[in-house]
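Dear colleague,

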Amino acid sequence: MGSEGPSGVTVHVTGFKKFHGVAENPTEKIVRNLESFMEKRGLPKGLTLGSCTVLETAGQGGLGPLYEVFESAIVDKEYGLNDQGQVILLHFGVNSGTTRFALENQAINEATFRCPDELGWKPQRAPIVSSDGSISNLRKTTVPVNEVNKSLQQMGFDVAPSDDAGRFVCNYVYYQSLRFAEQRGIKSLFVHFPLFTTISEEVQMNFVASLLEVLASQNYAQ
């Protein structure tokens, strides 16, 4: 299942475990089932599924496993089969109040958790990365969100770009990921998912497969 030539794309996917107020996190089930689902469906040409990891729904205390994902992505970038191809960190999180998928354009350097994370941390107006300065500092994805969104809409999915990933764990992970991606010359994208009671598991799995197809078809060779 290796990619072909310098235009190949390797994707590392993360989701989250359940947390306070969300009895079942759809992204946990999606990420746990993604490899077998894509094996049956068939991976898009030129795409390698590098890893699928379910993270604790935690900020500071969950950084260890997150950085393991980052480092494995860099190993692929430097030594992997895809050679000069692009590496994408693809993060999934749930927004229980939404009725559609959301492609997040950016993350903000602010952790203000409305409730403690699963390891008991509840920061308020704290910078995620102190050396980045103000809590108003933004980091933006270099994935062409509008183009990806348009392709997914044309495939029939209810999806929209978003400029607000919140201030909870999703934004925390995304900010860390965007910072790492910029430092290492790779890409990062965060996607918010609704609950399975809003959009069925089957549709959500097909959405992810379609998202991977779109990412594989984009020209990331630059």
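The notes below go through a few residues, a core and a helix.

Please keep in mind that this is a predicted model. I began with Phe113, which sits in the loop between strand E5 (106-108) and strand E6 (138-140). With a relative accessible area of 1%, Phe113 counts as buried, because that value falls under the 20% cut-off. Leaving aside residues up to four places away in sequence, Phe113 touches Gly59, Trp121, Lys122, Pro123, Gln124, Arg167, Phe168, Val169 and Tyr172. One of these contacts, Gln124, is 11 residues from Phe113 along the chain, and their C-alpha atoms are separated by 6.4 Å.

The largest nonpolar core holds 65 residues, and those touching the most other members are Leu90, Phe92, Leu152, Val191, Phe207 and Leu211. Val191, when residues up to four places away in sequence are not counted, is in contact with Leu90, His91, Phe92, Gly93, Ala102, Leu103, Phe207 and Leu211.

Helix H5 spans residues 201-217, and its 17 residues reach 24 Å from the first C-alpha to the last, close to the 24 Å expected at 1.5 Å a residue. Several residues of H5 are buried, including Phe207, Val208, Leu211, Leu212 and Leu215.

Lastly, Ser162 belongs to strand E7 (residues 159-162). Ser162 is also buried, because its relative accessible area of 15% is under 20%. Beyond residues up to four places away in sequence, Ser162 touches Ala102, Leu103, Glu104 and Asn105.

With best wishes

Notes. Residues numbered from 1 in each chain as written. Predicted model: local features only at pLDDT ≥ 70, side-chain atom pairs only at ≥ 80, totals over all residues. Heavy atoms only, no water. Helix = DSSP H or I, 4+ residues; strand = E, 2+ residues; numbered from the N terminus. Buried < 20%, exposed > 50% of the residue type's maximum accessible area, 1.4 Å probe, protein only. Contact = heavy atoms within 4.5 Å. Core = buried A, V, L, I, M, F, W, Y, C linked by side-chain atoms within 4.5 Å. Expected span 1.5 Å × (residues − 1).
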